[in-house]
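Have the structure open beside you while you read.

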Amino acid sequence: MPFVTALMLFLEGNIGAGKSSFLQILADHLNCKVIFEPHHRWQASDDSENILDLFYKNPKRWAYTFETYTLLTRLCDHQVHTSKHDHQFVISERSPYSGRYCFAANTHAQGHLTDLEWELYQSLCDHLFAQHVAKPTGMIYLKTSPEICYKRLNIRNRKEESTLPLEYLEQLHAKHETWLLGKQDIPTLVLDGNLPYLHDNESKQHLVKLVSDFFGIGKLNETQAAVFC
Amino acid sequence: MKHKQQFFVEGNIGVGKSTFLKIVEETLDCQMVFEPHEKWQDINGAGNLLHHFYADTQRWAYTFQSYAFITRVMEQDMLAAQRPHAVQVVERSVFSDRYCFAQLATEAGNMNKLEWQVYQHWFDWLVGAHMEKPAGFIYLRTAPETCLKRLKKRARSEETGVSLEYLTALHNKHENWLLRGTDVPVLVLDCDIDFEHDENRQAELIKQITDAFGPVLRTVPKASACQFSIENLESF
C-alpha cells in the first residue's frame, strides 16, 4: 500500500557524482531525514561470504541474487522511513527506482543477468513497487560527467570502487540520462555535479535555496503541519 | 491491509491435492487459489523457470524458491482484490515453501548459506508486510509410500525423478512443521485411505473440515439457491 509521507525526495547520480557531500549540506541546513544507501548490508554478512564480493568475482552466477537482495534492502529501508513522520521531509540516497532503471538494467545490458532473470526481476518490481514504494515528491539528479566521477573515485580511494573502469561509469551515466531526462512524470531538479565540492557558506546556502525553491519546501510547512496533526 | 481469512491445503507430492481441491471447490463456499504454475513456466516469453530449476537445481534453486513464494503472494493478493470478503482456500503456501521445500533444498546443498539467508530475509519481510496469520492449515497426511504409488499411477513427466527417499524427507518436514512447529490450528486429514473414487470418503473429509473450521468455512448453500428460483416461478 503506498504510504502517505511528508515530502520524499530521491537523490540520484552516478558513483562519484558527489552525493555524500550534497546530502551533508542538505542535512545541515534543512530539517530532513536522510536514508543512506544500504551499502553496508550488501557487504556485511553473518559469515565470511559477502554478496558484493561474490557478485564482483562471478557476476553471471550472482547477479540475480545480488540485484534481488539490493532491491529487498532498499524496499525495507523505504518502508521503515516513510512510515514515520518525525521530519519535515525525507531524502533518500538513490532509490528502488534507480536500483531498477540504472543498476539492474545495466547489469542486464552487460549480459550478467539473463533475459529470463531480467524478466523475473522486473515482474517483482512491478508488483512490489506498486505496494511498497511511495511515489516521491521529486527527484534531484546530480549530473556529473563520467570522467569527473572517475577522477573522484581515484582520489577518495574506497576499496570496492578502486577497480571500477571508466567504461562502467559511462554506462551508468547513460542509464541515468535516459531514465531521468527521458519520459518520466516525477518533477526532477537537475544540478551540475561537475563543480568542485562546495566549501564556502554562501554557495551552500545557494544550493539549499535552489532545492527549497524548486520543491516549495518553505511553503509546505503550514500545509504539512495541517495534514499530519 | 485488509483482513483476509485464509486456509492452506498442505501435503506431500502425490497425496492427491488436485483431486482434493476439486472436491473442495465443488462443495465449500470459498475462493480457490491454485499454485500459480503458469507464472513459473512462462516468464513473459523469456523462458521457463521450472525447466531451469529441474535441469540445474543448484544454479536455480534460490531463483526458483524466492520467485515461487513471491508469486504465491501476488496470486492471493490479486484474487483477494476481486472478492475482498471471500474466504480463501489456498493450494500450498509460503510457509510450506519455507519450512519444507526451501529448507530441504538448503540441506541438500542446492542453496548455499548465503542464498538461504537472503531467501529468509525476503520471507520475513514479505510475510510481515503482506500476510495475515493463517486461519488454519488443512494437512493431507499420507505415508510417503502411498504418495509414491499414486505418483507412479498418474505418471506426470516432471515427477518421474521423485524418489521414495525424497518423499520421505519431505514427509518428515511436513510432520515437524505441522504437528509440532506452528501455533496455527491444523486439521489433519488421513489421506492414506483412497478418496479419489469414494464419494462417501469425500463427504467425510468435507465434514471434518466444516466441523473444524465452520462457520467460516461452510458448504455451498445449494438448497437455498434452488428454493429462491422456485419461489420466483410461483410468483408468476
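1. Let's begin with the interface. About 2,800 Å² is buried between chain B and chain A, and carbon and sulfur atoms give 67% of that area. On the chain B side, B:Leu114, B:Trp122 and B:Trp125 supply 24% of what chain B buries against chain A, more than any other three residues. Counting by contact, 29 residues of chain B meet 33 residues of chain A. Bear in mind throughout that this is a predicted model.

2. What about the polar side of that interface? Seven residue pairs are in polar contact across chain B and chain A, both partners being at pLDDT 80 or more. Helix H3 (49-55), helix H4 (57-82) and helix H6 (113-130) of chain B are the elements that give two or more residues to the side touching chain A. H6(B) gives the most, with 11 residues. By residue type, the chain B side divides into 15 nonpolar, 10 polar and four charged.

3. Now the charges between the chains. The count between chain B and chain A is two salt bridges. One of them pairs B:Arg59 with A:Glu117, with the closest N and O atoms 2.9 Å apart. For context, a search of the whole structure finds 19 salt bridges over all chains.

4. Inside chain B, have a look at B:Glu35. It forms a salt bridge with B:Arg72, the closest N and O atoms being 3.0 Å apart. B:Glu35 sits in the loop between strand S2 (31-33) and helix H2 (37-41) of chain B while B:Arg72 belongs to helix H4 of chain B, so the pair ties together parts that are 37 residues apart in sequence. Are these two buried or exposed? B:Glu35 is buried, with a relative accessible area of 11%, and B:Arg72 is buried too, at 5%.

5. B:Glu35 has another partner. B:Arg92 forms a salt bridge with B:Glu35, the closest N and O atoms being 3.5 Å apart. Here the link runs from the loop between strand S3 (88-91) and helix H5 (94-107) of chain B, where B:Arg92 lies, to the loop between S2 and H2 that holds B:Glu35, 57 residues apart. B:Arg92 counts as buried because its relative accessibility is 7%, under the 20% cut-off.

6. B:Lys133 is in the loop between H6 and strand S4 (136-141) of chain B, and B:Asp183 is in the loop between helix H8 (164-180) and strand S5 (186-190) of chain B, 50 residues apart. Both B:Lys133 and B:Asp183 are exposed. Back with B:Glu35, salt bridges that share partners join B:Glu35, B:Arg72, B:Arg92 and B:Asp97 into one network.

7. A:Ser212 is buried, with a relative accessible area of 15%. Where does its side chain reach? The side chain of A:Ser212 reaches the backbone oxygen of A:Val208 at 2.8 Å. Leaving aside neighbours within four places in sequence, A:Ser212 is in contact with A:Leu30 and A:Ile217.

8. Last, confidence. Chain A has a mean pLDDT of 84, and 84% of its residues reach 70 or more. Over residues 220-229 of chain A the pLDDT is below 50, and this stretch has eight contacts in the model beyond near neighbours in sequence.

Technical notes. Residues are numbered from 1 along each chain as its sequence is written. Chains are lettered from A and ligands numbered from 1 in the order in which they are written. Side-chain values use heavy atoms; hydrogens and water are left out. Contact means heavy atoms within 4.5 Å. Buried area is the accessible area (1.4 Å probe) that two parts lose on being put together, summed over both. A salt bridge is a side-chain nitrogen of Lys or Arg within 4 Å of a carboxyl oxygen of Asp or Glu. A polar contact is a pair of N or O atoms within 3.5 Å; within protein, one must be able to donate a hydrogen and the other to accept it, and residues adjacent in sequence count only if both atoms are side-chain atoms. Helices (H or I, at least four residues) and strands (E, at least two) are DSSP runs, numbered from the N terminus. Ala, Val, Leu, Ile, Met, Phe, Trp, Tyr, Cys and Pro count as nonpolar, Asp, Glu, Lys and Arg as charged, and the others, Gly among them, as polar. Buried means under 20% relative accessible area, exposed over 50%, partly exposed in between (1.4 Å probe, protein chains only). pLDDT is the predictor's confidence in each residue, from 0 to 100.
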